[in-house]
Amino acid sequence: MKKNVIIAIDDLHPEEGWGCEGDESVGYLEELNKEFGCKFTLFIPSNYHSRYPLRLFKDWIDFWKKKDWVELAAHGHNHSCKTEGMGECEFFELDTEEKALERVKECLSEWEAVGHIPKGWRNPGWLAHPNAISVIGDYFEYSAVHEQHNNGLKWKCKTFVGCDGINQTESIQLHGNTFMFQSHIAGDWNDNTWSANNYENFRNVLKFLEEEYELRYTTLQELL
């Protein structure tokens, strides 16, 4: 049986260096698609840090939608918090269903404005309050979660679990029939970004996996 390979990338938004046409990181994704047939699920905040509302960047969304090897999925709205100490765990800060519902509607309004309704979701900062999760599951068909951060939370929608980064080589593991590699498009606070070193490392990971398994490169929505 073929093993699925999911490559998930967080935090893309229409800022130079964060997933725009011509970015070095975008070139790496294009090369991986050409060499291996890789597909990518891109988790995009709908108004990153309250500076990049998608409705103002339809051309950017269209750039990605033209690529048939890409899925565009939701990654919260602002990807930031007002409460000190919560970092960017936006939906952990939203501790009531009412607050979460309002934010999810803001998120989907931006997506609707660019003509795309995402099927998938990942929590900004990978954490969410149980009350927020009860709302999110009503609006998305699946959530991609990190095995160390889900903490047994009960989702109404389907969940996909993964933990391996594109920079890792020693702890790669199957989750059911799927390898799910998690990464960030950029950011100096993460070690699994699409740098030159991580790109070459990940190429070697894929070469190793192709020697051991028959692989199927896919997006998360294709597994629904």
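These legends accompany several close-up views of a predicted model.

**View 1. Helix H1 and its buried face.** Let us start with H1, which spans residues 24-36. Its 13 residues reach 18 Å from the first C-alpha to the last, close to the 18 Å expected at 1.5 Å a residue. Look for Ser25, Val26, Tyr28, Leu29, Leu32, Asn33 and Phe36, the buried residues of this helix. Seen down the axis of H1, they fall within an arc of 155 degrees, so they line one face of the helix. Glu24 and Lys34, on the other side of H1, are exposed. Just after the helix comes Gly37, with a positive phi of about 85 degrees.

**View 2. What the buried residues of H1 pack against.** Here the neighbours of H1 come into the picture. Two helices pack against its buried residues, namely H2 (58-65) and H6 (196-212).

**View 3. Helix H2 and its cover.** Now for one of those neighbours. Trp60, Ile61, Phe63 and Trp64 are buried in H2. Around the axis they cover an arc of only 150 degrees, which puts them on the same side of H2. H1 and S2 are among the elements that cover these buried residues. Strand S5 (70-74) and helix H4 (97-113) also belong to that cover.

**View 4. The tilted pair of Trp18 and Tyr48.** The structure holds 13 aromatic pairs, and this view shows one of them. The ring centres of Trp18 and Tyr48 are 5.9 Å apart and their planes stand at 40 degrees, so the pair is tilted. Trp18 lies in the loop between S1 and H1, while Tyr48 lies in strand S3 (residues 47-48), so the pair ties together parts that are 30 residues apart in sequence. Trp18 is buried, with a relative accessible area of 12%. Tyr48 is buried as well, with a relative accessible area of 3%.

**View 5. The edge-to-face pair of Phe181 and Phe202.** This aromatic pair is edge-to-face, with 5.0 Å from centre to centre and 75 degrees between the planes. Phe181 lies in strand S10 (residues 178-184) and Phe202 in helix H6, so the pair ties together parts that are 21 residues apart in sequence. Both of these residues are buried. Widen the view and you will find Phe181 and Phe202 in one aromatic cluster with Phe40, Trp69 and Trp194.

**View 6. Strand S10, covered on both faces.** Where do the side chains of S10 stand, buried or exposed? The strand is mostly covered, with seven of its seven residues buried. Thr178, Met180, Gln182 and His184 are on one side, with Phe179, Phe181 and Ser183 on the other, and both faces are covered.

**View 7. The strands paired with S10.** S1 and S10 run parallel and are joined by seven bridges. One place to look is Asp10, whose bridge partner in S10 is His184. Strand S9 (residues 164-165) also pairs with S10 in the parallel sense, over two bridges. There, Gly165 has Gln182 of S10 as its bridge partner.

**View 8. Arg122 over the ring of Phe43.** The last view turns to a charge and a ring. Arg122 lies over the face of Phe43, at 4.7 Å from the ring centre.

Definitions and conventions: Residues numbered from 1 in each chain as written. Predicted model: local features only at pLDDT ≥ 70, side-chain atom pairs only at ≥ 80, totals over all residues. Heavy atoms only, no water. Helix = DSSP H or I, 4+ residues; strand = E, 2+ residues; numbered from the N terminus. Expected span 1.5 Å × (residues − 1). Buried < 20%, exposed > 50% of the residue type's maximum accessible area, 1.4 Å probe, protein only. Arc of directions from axis to C-beta. Contact = heavy atoms within 4.5 Å. Phe/Tyr/Trp six-rings, centres within 6.5 Å; stacked < 30°, edge-to-face > 60°. Lys NZ or Arg CZ within 6 Å of the ring centre and 35° of its normal. Pairing = 2+ DSSP bridges.
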